Amino acid sequence: MTALLTIIVLVFILVAIWQMVKIFDLAQAKSENSQIANDKDNTINGYLMMGFLAFIYIITIVCFAKWGDLPLMSNSASEHGPTIDNLMIISMVIIFFVQTITQFLLHYFAFKYKGEKGKKALFFADNNKLEAIWTIIPVIVLAGLIIYGLNTWINIMGVDESDDPLVIELYAQQFNWKARYGGADNTLGKANVRLIDIDRANILGLDEADPNAQDDVITTELHLPVGKPVLFKMRSQDVLHSAYMPHFRAQMNCVPGMITQFGFTPTVTTAEMRQTPEMIEKIANINNIRVEKSQKLIAEGGEALDRYEFDYLLLCNKICGKSHYNMQMKIVVETQEEYDAWMKEQKEFKNSLVN
């Protein structure tokens, strides 16, 4: 009953507003209310367009001066990273140049050719020269970007098997990652989600009868030897995920029911990245913020935040559910000796099963 009364009241309010608008229109009927812009209106709008153009340029300059630290892209830690960064920078420079010119022409023409009494616009049915210019130039620019991008993509994805890359499987599931190494033979054993047996700790569904699976190593932390090509094989147990490793300029979807792959060569160890000037400054800023927040937390009876230390991360770049934000895995890039020592501490699949 209350809901019905509420609806009735709202209807009456809307009717009252409608009636008041009609009365207002009738009261204004004899006053001048022309919908046709005159020369004064056009002049004001022309100057407003130039003012808005100035605002666009000023805010752009301010943003560059305050937040536009160069280089635009940095901290790449893979062999192909600088090429990806160059492609991004070229694209951004072209976009910036084009938008600067086109925005100027758009606003300046609106000012220069504003409506004036007695002025008649010149009409062109067509202009082959102009159409050729604005067609050919974008074609050339876009073709160059596409060819450069395709060559870059082919070089990244064309992992040379003769380089004996380290083969690692990235296994995605809501909401965590697992890494599986091929073991001493560097060959991943067969696996299928139908073979998952939690009771026996076969969490990735490896084929227990496959000889290549016996020495596989399953971990919750990804270790990579620096300078060694790595070929990632990617699976998903449930929904669409995306393996994203920003510092390595690497991303590939993990699709249920199929295996995707991505390869790269890490070039900067975790320890080396922590010592770069950019990272030292970034970590210092983050920890200063944590100190301030910790003081508030302690004052409220809470615990202080731990100090932040940089680590490479494997993230999920597809919204895969309510805990998507927390789906990440630590990546450690280290020397070959450190990697070998870590691998010796890991348990092989055949020794990890529960009987």
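## Ground rules

Because this is a predicted model, local features need pLDDT of at least 70 and side-chain atom pairs count only at pLDDT 80 or more, while totals for chains, interfaces and linings use all residues. Residues are numbered from 1 along each chain as its sequence is written, and side-chain values use heavy atoms, with hydrogens and water left out.

Let's start with helix α2 (residues 39–67) and α3, which pack at an angle of about 160 degrees with their axes 7 Å apart. Helices here are DSSP runs of H or I with at least four residues, strands are runs of E with at least two, and both are numbered from the N terminus. The axes are lines fitted to C-alpha atoms, for helices over the stretch in contact, and angles run from 0 to 180 degrees between N-to-C directions. Angles over 145 degrees count as roughly antiparallel, under 35 as roughly parallel, 65 to 115 as roughly perpendicular and the rest as oblique, so α2 and α3 are roughly antiparallel to each other.

Now look along α3 (residues 81–112) for phenylalanine 104. Its relative accessible area of 36% makes Phe104 partly exposed (buried means under 20%, exposed over 50%, partly exposed in between, with a 1.4 Å probe and protein chains only). Phe104 also belongs to a nonpolar surface patch of about 690 Å², together with Phe97, Val98, Ile101, Leu105, Phe109 and Tyr113. Patch members have over 30% relative accessible area and no salt bridge; nonpolar side chains (Val, Leu, Ile, Met, Phe, Trp, Tyr) are joined within 5 Å and like charges within 9 Å. The areas come from the Shrake-Rupley method with a 1.4 Å probe, and for residues only the protein chains shown count as cover.

## Salt bridges

The count comes to nine salt bridges, where a salt bridge is a side-chain nitrogen of Lys or Arg within 4 Å of a carboxyl oxygen of Asp or Glu. One of them joins aspartate 164 and lysine 228, at 4.0 Å from N to O. That pair ties together distant parts of the chain, 64 residues apart: Asp164 sits in the loop between α4 (128–157) and β1, and Lys228 in the loop between β4 (222–225) and β5 (230–236). Asp164 is partly exposed at 46%, and Lys228 is partly exposed at 24%.

Glutamate 208 and arginine 200 meet at 2.9 Å. Glu208 is partly exposed at 33%, as is Arg200 at 24%. You'll also find a network of salt bridges linking Glu169, Arg180, Asp216 and Arg235.

Most residues other than glycine have a negative phi, and most peptide bonds are trans. Now for some exceptions. Alanine 201 has a positive phi, near 65 degrees, and lies in the loop between β2 and β3 (217–219). Arginine 249 has a positive phi too, about 50 degrees, and its place is the loop between β6 (241–245) and β7 (250–254). Ala201 is partly exposed at 27%, whereas Arg249 is buried at 15%.

There's also a cis peptide bond between glutamine 174 and phenylalanine 175, with omega about 0 degrees. Phe175 is in the loop between β1 (166–173) and β2 (176–181).
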